[in-house]
Amino acid sequence: MAGQKFQYDESGATFFYFLLSFLALLLVPGTYYWWPRKQKEDPKALASECYCPGCRKKKLVLQSTKPWELMKRTCIKVIIIAGWALLAFLAYKVSQFDYESASFDPYDILNVPIGTSEKVIKKAYRRLSLIYHPDKETGDEKKFMKLTKAYQALTDDESRKNWEKYGNPDGPGAMSFGIALPSWIVEKENSVWVLGLYALVFMIALPTTVGMWWYKSIRYSGDKVLLETSRMYYYFLHKSNSIPLKRVIMILSASLEFEKKYNSEIVERSSDEHEMPQLIKQLYNFGEKTQKEPPLSYNYSIKARALIHAHLSRLVLKADTLDLDRMYIVKKCPYLIQEMVGVVSQLILLAYAQRVPRLLNIETIENCMKLCPMVIQALWEYKSPFMQLPYISEDHIKHFDNKKKRVRSIQHLAQLKNEDRRSTLKFLSDSQYEDLVKVLGRMPYIDFKVRCEVIDDEATTVYTAGAIVTVTVQLKRRDMRVLFGDESYADKHHIELEKNAAKETEKPDKLGKPLSNGDVIENNEDIENKETKDDEKEKKVTKGIWQQKRQSGKGKKSGNVKKPKATLSASAKKKIKKKEKLEKAKLGDLETKETEEDKIDDDKTEDKEQLKDSNASSDDDSDSDNESSSNASGEESEKTDAEDTADDKKKASANNDDDDDDDWDKFQSGANKKDRVLEGRTKQSHLVHSPYFPEEKHEYWWVYLSDRKSRTLLTVPYHVTELVDEEEIQLKFTAPRWPGVYVFAVCLRSDSYFGFDQMHDIKLDVKEAPEPLTEHPQWDISDEEDDTKEEDKQSDISEFTTDEDVED
């Protein structure tokens with residue numbers, strides 16, 4: 001019996017086959033995915049591109065910060081071309097190998113037909129051996145060996161039997177398994193080099209690479225923020241209930257991403273020693289010496305804070321030193337601010353769970369959110385939102401506060417007619433005006449809708465104490481160009497989120513500084529007049545329906561409010577009596593009973609209206625006429641009872657079908673939401689016009705629920721990063737534990753623009769939670785059931801026994 005044989009590749013054939021197949025497996029998909037292609041420029045993007053000086057400078061900065069882009073594309077092309085060249089060489093090499101045929105055919109080797117006589121075979125063997133004999137000039141040792149085997153297989157009896165039985169004149173051969181590695185790998189002379197290579201790759205290079213990757217990954221969170229920075233945020237943010245915006249900037253500038261020890265990309269320059277003091281002198285209310293808390297007082301923190309202040313003030317810095325540092329710090333700020341928002345929300349949840357002593361109010365997290373658009377647009381919070389538009393500076397803000405046509409917000413500017421908008425922006429040239437209209441048309445207009453319900457409950461709109469309330473927020477994003485010339489849309493973006501807090505925190509001083517959202521006040525008299533007007537408006541505001549109901553209930557109890565009783569005429573009383581008789585005759589049918597009651601109520605209202613119009617003194621003839629009319633109406637009602645019941649049944653069946661359709665739609669929407677969660681979240685939406693931000697920025701939003709009265713946050717802010725057209729978000733919170741009417745606010749905040757925040761109030765009439773069931777009819781077991789159970793018990797007496805057997 002033949003054995004098994006393992007051997008390395010002596011000739012290199014199988015090894016080259018292995019390389020050929022492995023290289024082709026990498027090159028075919030790699031070429032398709034990695035070959036550099038020239039990106040096709042979108043004509044719509046080119047048409048809406050802004051050519052203001054800030055955008056042109058930003059475009060040059062983006063191109064200069066990626067000098068390796070061209071080198072990377074060239075290297076990829078060279079590697080792919082070299083791979084295909086190697087593949088072609090291996091294919092040519094493999095085609096040159098001559099293999100012994102797996103099916104041995106001696107007739108084919110000797111070039112004689114099947115069934116040829118032995119004499120002809122000998123002649124053919126002699127003729128070919130003279131050609132391929134190794135001693136001849138045309139000799140070939142391999143072919144001569146094949147000729148000898150073929151001649152033996154056709155002339156020798158034993159060789160013929162082996163060939164006919166095993167396909168080989170030499171008999172059964174061993175089963176060989178080829179290893180696609182060259183034989184020199186296992187040779188004794190090369191063993192040291194092979195072992196050294198294995199040790200270098202698997203014992204040094206691989207563990208070092210994995211260790212470096214692991215050491216770097218454990219230092220960062222999922223949002224690429226150092227864990228030490230997050231710990232520092234936790235430490236400073238939980239020290240006070242309310243943290244002002246200036247303090248938030250201090251904490252942000254102390255992030256460890258800006259220190260050389262934790263970030264090797266930070267560049268420490270010798271020129272900072274004389275450039276930084278000059279910059280700090282230009283900054284208003286910087287407060288360098290007032291802060292002595294580490295790390296807020298460290299040099300790297302002071303430098304980062306000064307550069308952030310300079311960025312918000314739009315100061316011109318030295319291009320090759322401080323401006324490079326400013327761009328690097330500003331690029332990191334959106335990620336750090338998002339981490340700060342997450343830290344504040346976690347601290348609030350810990351305070352609800354009584355794990356930390358202080359509950360942070362809503363101003364802290366909103367100050368963190370407010371800082372993000374400040375950094376993106378390079379504006380302080382008290383600056384006008386119109387400065388987000390190109391070519392608009394502080395000197396031009398006075399044109400928007402014109403006596404003839406005062407422009408309230410950016411949305412109001414978009415809703416103006418083209419003639420009015422052009423007259424407001426008459427200080428711009430035609431090309432500048434076109435750029436401004438392009439940017440204005442690309443800004444977002446958000447349709448913000450809110451719906452509350454209690455999911456998985458029969459009454460979805462009934463809110464009980466302690467119930468899980470789901471607030472579904474629907475966001476529909478459109479470009480601002482849809483509002484051009486259309487003043488029918490409500491100015492949603494002009495709504496301030498903090499009306500009461502703004503009066504306290506954003507009051508101007510005597511010099512008349514501008515307020516947030518572009519409201520400019522020149523002197524103190526205007527301030528006092530506005531405040532008195534606001535107070536008068538607040539006094540005149542009518543209370544809500546739910547508050548009026550409470551007051552009316554108290555009035556009834558005290559007896560101050562008395563309603564006069566309505567008096568009915570004799571004819572109306574006769575009508576009621578006759579219809580009551582008709583109801584008694586139809587007690588068997590419940591549906592007709594309900595219709596009769598409804599008709600009686602309708603007749604009552606009709607009689608009341610008639611009583612108002614008619615005189616107090618009525619004749620007897622009118623009474624008889626009323627009686628006859630009531631009899632006729634009674635007969636007609638009897639005839640239409642059957643038709644009404646049939647219509648009610650049809651309506652009920654239609655309502656059931658509608659309910660089934662609604663349930664199916666809800667199920668499908670829930671399944672689609674789960675599929676979206678599995679797909680993951682992208683971070684691509686719409687580009688933001690941000691000429692002072694050194695990178696391309698996409699529009700992101702925060703959605704959260706808050707209680708403005710108690711100044712608390714109720715849900716963790718949801719970061720919307722993929723609002724292209726429409727998006728639906730669900731916020732869940734627990735209803736208050738005490739019954740009553742509560743007003744909460746669903747807030748939408750932009751992390752890229754000023755003046756685009758919205759707030760939607762929701763009112764919840766919280767009812768008292770029902771007591772848990774302790775008894776239920778299905779849980780009670782009646783006496784009859786007990787008797788039947790006793791009868792059902794098996795007896796010792798069989799059903800086939802007789803009376804005699806029982807007596808025995």
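Visitor: At what angle do helix H10 and helix H14 pack, and how far apart are their axes?

Guide: First, the basis: this is a predicted model, in which local features need pLDDT of at least 70 and side-chain atom pairs count only at pLDDT 80 or more, while totals for chains, interfaces and linings use all residues. Residues are numbered from 1 along each chain as its sequence is written, and side-chain values use heavy atoms, with hydrogens and water left out. Two packed helices are described by the angle between their axes and the distance between the axes. Here H10 (residues 227–237) and H14 (residues 322–352) pack at an angle of about 50 degrees, with their axes 10 Å apart. H10 is therefore oblique to H14. Helices (H or I, at least four residues) and strands (E, at least two) are DSSP runs, numbered from the N terminus. Axes are lines fitted to C-alpha atoms, for helices over the stretch in contact, and angles run from 0 to 180 degrees between N-to-C directions. Angles under 35 degrees count as roughly parallel, over 145 as roughly antiparallel, 65 to 115 as roughly perpendicular and the rest as oblique.

Visitor: Which residues of H10 and H14 meet?

Guide: From H10 come Thr229, Ser230, Tyr233, Tyr234 and Leu237; from H14 come Leu336, Glu339, Met340, Val343, Val344, Gln346 and Leu347. Contact means heavy atoms within 4.5 Å. By class, this contact has eight nonpolar, three polar and one charged residues. Ala, Val, Leu, Ile, Met, Phe, Trp, Tyr, Cys and Pro count as nonpolar, Asp, Glu, Lys and Arg as charged, and the others, Gly among them, as polar.

Visitor: How do the axes of H10 and H11 cross?

Guide: The axes of H10 and H11 come within 10 Å and cross at roughly 150 degrees. That makes H10 roughly antiparallel to H11. In H10, Met232, Tyr233, Phe236 and Leu237 meet Arg247, Ile251 and Leu252 in H11. This contact has six nonpolar, no polar and one charged residues.

Visitor: At what angle do H11 and H15 cross?

Guide: The crossing of H11 (residues 245–253) and H15 (residues 362–377) is at roughly 70 degrees, and their axes come within 9 Å. H11 and H15 are therefore roughly perpendicular to each other. Leu245, Val248, Ile249 and Leu252 of H11 make the contact with Asn367, Cys368, Leu371 and Met374 of H15.

Visitor: In what order do the three strands of the open sheet lie?

Guide: Strands of a sheet pair through backbone hydrogen bonds, either parallel or antiparallel. In this open sheet the order is S3-S5-S9, with antiparallel pairing. Strand S3 (444–453) and strand S9 (726–734) stand at the edges with a single partner strand each, so one side of each is left without a neighbour in the sheet. S5 (residues 468–479) pairs with S9 over nine bridges, and Ile468 stands opposite Thr734 in S9. Two strands pair if DSSP finds at least two bridges between them.

Visitor: Which peptide bond is cis, and which residue other than glycine has a positive phi?

Guide: Most residues other than glycine have a negative phi, and most peptide bonds are trans. The bond from Pro294 to Pro295 is cis, with omega near 0 degrees; Pro295 lies in the loop between H12 (272–282) and H13 (299–312). Arg314 has a positive phi, near 60 degrees, and is placed in the loop between H13 and H14.
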